[in-house]
Amino acid sequence: MKLLSCSGTAAMSLFLSIAGIGMRRQSVVAFISKTPSSTILSSTRTFSSRRSSNLIPQQYFQHNDNNRRYYMSATAAETETKKKEEEEKEELPTNESDEELLKIRHSSAHVMAMAVQQIFPEAQVTIGPWIDNGFYYDFYFPETTDEETGEVIPSRKLNDSDLKKVKKAMDKIIGKNYPIVREEISREEARKRIEEINEPFKLEILDSIKTEPITLYKIGEEWWDLCAGPHVESTGKLPKKAIALQSVAGAYWRGDENREMLQRIYATAWKDPPQLKAYKKMLEEAKKRDHRMLGKKLDLFSIQEDAGGGLVFWHPKGSIVRRIIEESWKDAHLDNGYDLVYTPHIANLDLWKTSGHFDFYQEGMFDQMEVENETYQIKPMNCPFHCLMYKDELKSYRDLPIRWGELGTVYRYERSGTLHGLMRVRGFTQDDAHIFCLPDQLQDEIVGVLDLTEQILSRFGFEKYDIMLSTRPDKSVGSDAIWDAATEALEGALKVKGWEYGVDEGGGAFYGPKIDLKIRDAIGRTWQCSTIQCDFNLPERFGLEYVSAEGNKERPIMLHRAIFGSIERFFGILTENCAGDFPLWIAPVQFKLLPVTDSVLDYCYDIKKQAEKLGIRIEVDRGNERLAKQIRNAEQARIPVMAVVGVKEMEAKTLAVRSRKEGDLGIWTVDDLLAELSSCVDAAQEMTKMGDVPPPKEEE
């Protein structure tokens, strides 16, 4: 390869403009002071702490020992700085981990609603809950009539200017430090007060409250709302500089498109301005990691609207990643005593009536189909199928526990407005498993599920979890004894693991208590993935039994559990977690050869054959672009390992290797490189080992 003959500074500037790389001025000065004018930089890592990439292998350029020492020290310094930044990055608190933050968000929602009604008296309030990163409140703006002209004024549409007015009004309310006081009243008194202020949506909410007394919270004597709390003591406790109104969206009342269209104001609230700043920074980073954008850019998947919303089309590269996720899941389950099963995609409607899904989840199911005078339902869940399989023959206590896992594709009706990339779709594959066990096996089985969850998630780089134990709700099935035993088993398993957890009193499903696990990603966001649920309902509905040691027929305990939640959603989370820079073992293309000239293509394709025999996913660049463009294309495609191949490498049977994440890895023989790549892939590790460092060339 022949490089331009020019001064070191000019050559470097030209190369940087081709490669599209930014650099710091002080780094350039340091580089020039240590580099002969005939030398072109071997690695952008030498001078830029903003990129961990050297675009041209070292042997293509002249260098001396000082350059190499400088390169290595810069690389080490950058790595150390990056590690320090990661260690110092503060994790933002969550509603589950910080009750004071939850109170701030809840009270901020009330203050915002009060501010909206001060500015727009016609606004009617509905609900305003806290959410993961803040809160929202839904408002209804009815049509109004001009008193003088009789003209009908359309319902108001909130805009950014309105949000600024609302925030200013909120700040005034906070500044007045109104007390926030809880009051208990009778249902009749609550109805009277709501009718007096003409809030019809609040009447519906009142009718849905089944407990007494009715509680409300007042902001001074100025404003009140039906609410169970909790709240801060006064508006002055709210950090107004840590509250930001974000956006306005539409939402149907009660999620019913036949009801009124409401306007939802989304907002975020934190304990102090630095937390708000960190959250905004996280949002900026999240935009760069959006899996929908990366899915298109990296050619992983698509949603084809011509086929219908919420249905995923997996492209070849995305299919590779999905296959690896699924195979890893299957291998881990087989190693941990599970049997894998497959079940149909549809079943007779009577099955869903037996399971209770038709009664409880009908709104989330697609319409039925008629087949030979019988009604069939496309499946929204896998569990009834596993119950039928269990019931196929009477089990002995010696047969338990039974562990069945299935990557079962299910279909659920989601309104088009709720669909979101891979995160919320209409057809998805659950990583479902069901365990049928004896009561005295329950805790050990739960520990086994937690161990397996940790094993699988950590392999994909998720090692920080937020865990919640949800206990018996007011409406439930099953005896007190079995609920107590199941809850004790879940708590005992968490204690065996030594994991910290919160308790959501009354937050369990009607059929049993549960553990929910959220994973924390690279930029601090939490995602609901894994769940373990005890179920006393389905064994009863399906009449599941086993013969005990005493010869009696008893009910088994059933555990529902998922680790990813769904393959689609986990794929989206994984993509955003690594910003499309998949780990080496998962990457759809692991290694790419960049030929400098057509004369080395046969050599490249020979290497490709060797690599493919070892299971390495490799590509050879077509070589019809300039080298700088080939390198840039490989970078943009997030290829973990690449090598520029010239005549010199072909003659020596070597490769000059570079890692996208680690930089220059030196000179390797083909056999050694492929063996190292294969070893790293098997161990789910990045390639970090250095090859040979070429000796410095003497100046001519």
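Hi everyone, let's start with two helices: α6 and α7 cross in a right-handed way, meaning that the near helix is turned clockwise from the far one by less than a right angle. The contact (heavy atoms within 4.5 Å) involves R187, A190, R191, I194 and E195 from α6, and K202, L203, L206 and D207 from α7. By type, those residues are four nonpolar, no polar and five charged; here Ala, Val, Leu, Ile, Met, Phe, Trp, Tyr, Cys and Pro count as nonpolar, Asp, Glu, Lys and Arg as charged, and the others, Gly among them, as polar.

A quick word on the source: this is a predicted model, where local features need pLDDT of at least 70, side-chain atom pairs count only at pLDDT 80 or more, and totals for chains, interfaces and linings use all residues. Residues are numbered from 1 along each chain as its sequence is written, and side-chain values use heavy atoms, without hydrogens or water.

Back to our helices: the axes of α6 (residues 187–196) and α7 (residues 200–208) come within 9 Å and cross at roughly 165°. Axes are lines fitted to C-alpha atoms, for helices over the stretch in contact, with angles from 0 to 180 degrees between N-to-C directions. The two are therefore roughly antiparallel, the word for angles over 145 degrees.

Now the strands (DSSP runs of E, at least two residues). Three bridges join β14 to β16, and N348 has Y376 as its bridge partner in β16.

Another open sheet runs β17-β24-β25, with mixed pairing. There, Y546 stands opposite E554 in β25.

Methods:
Helix = DSSP H or I, 4+ residues; strand = E, 2+ residues; numbered from the N terminus. Parallel < 35°, antiparallel > 145°, perpendicular 65-115°, else oblique. Pairing = 2+ DSSP bridges.
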